[in-house]
Amino acid sequence: MTKMHEIKIKPKYYVDVITGMKTFELRENDRDYQVGDVVKLMEWDEEGFTGRYYTITITYVLKNCREYGLADGCCIFGWRCSE
């Protein structure tokens, strides 16, 4: 079942996402991210939410991969740019 996640992202990374330079996210896997889940990346600065956001659909999840340096309980998820 597809889930919707809303997560904070710092402005410098948000810009990389919206320009297509960044197509992955390293996160604690406390939400059990899965392929097909929708993520709303909400820009967050020192003042709080800026009102800008970018929505992606997860196409790949890497977890349980300690042999390549990924800490237990963390994951990397990726998405395709739709440009």
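Visitor: Which side chain meets Arg-27 in a salt bridge?

Guide: A salt bridge here is a side-chain nitrogen of Lys or Arg within 4 Å of a carboxyl oxygen of Asp or Glu. For Arg-27 the partner is Glu-25, at 3.0 Å from N to O. Bear in mind that this is a predicted model, where local features need pLDDT of at least 70, side-chain atom pairs count only at pLDDT 80 or more, and totals for chains, interfaces and linings use all residues. Residues are numbered from 1 along each chain as its sequence is written, and side-chain values use heavy atoms, with hydrogens and water left out.

Visitor: How many salt bridges turn up in the whole structure?

Guide: Six. Among them, Arg-52 joins Glu-43 at 2.9 Å, N to O, and Asp-72 joins Arg-66 with the closest N and O atoms 3.0 Å apart. Shared partners also link Lys-22, Glu-25 and Arg-27 into one network.

Visitor: Is Glu-25 buried or exposed?

Guide: We call a residue buried under 20% relative accessible area, exposed over 50%, and partly exposed in between (1.4 Å probe, protein chains only). Glu-25 counts as buried, at 7%.

Visitor: Where is Lys-22 placed?

Guide: Helices (H or I, at least four residues) and strands (E, at least two) are DSSP runs, numbered from the N terminus. Lys-22 sits in the loop between helix H1 (11–18) and strand E2 (24–28). Lys-22 is buried, with a relative accessible area of 11%.

Visitor: What does Lys-22 contact, leaving aside neighbours within four places in sequence?

Guide: Contact means heavy atoms within 4.5 Å. On that basis Lys-22 touches Tyr-13, Asp-16, Val-17 and Trp-79. The Lys-22 side chain also reaches the backbone oxygen of Phe-24 at 2.7 Å.

Visitor: What is the strand order in the open sheet?

Guide: In general, strands of a sheet pair through backbone hydrogen bonds, either parallel or antiparallel. Two strands pair if DSSP finds at least two bridges between them. The order here is E1-E3-E4, three strands with mixed pairing. Strand E1 (4–9) and strand E4 (48–57) are the edges, each pairing on one side only.

Visitor: In which sense do E3 and E4 pair?

Guide: Strand E3 (residues 38–45) and E4 are antiparallel, over seven bridges. Have a look at Asp-45, which stands opposite Gly-48 in E4.

Terms used. Polar contact = N/O pair within 3.5 Å; in protein donor to acceptor, adjacent residues only side chain to side chain.
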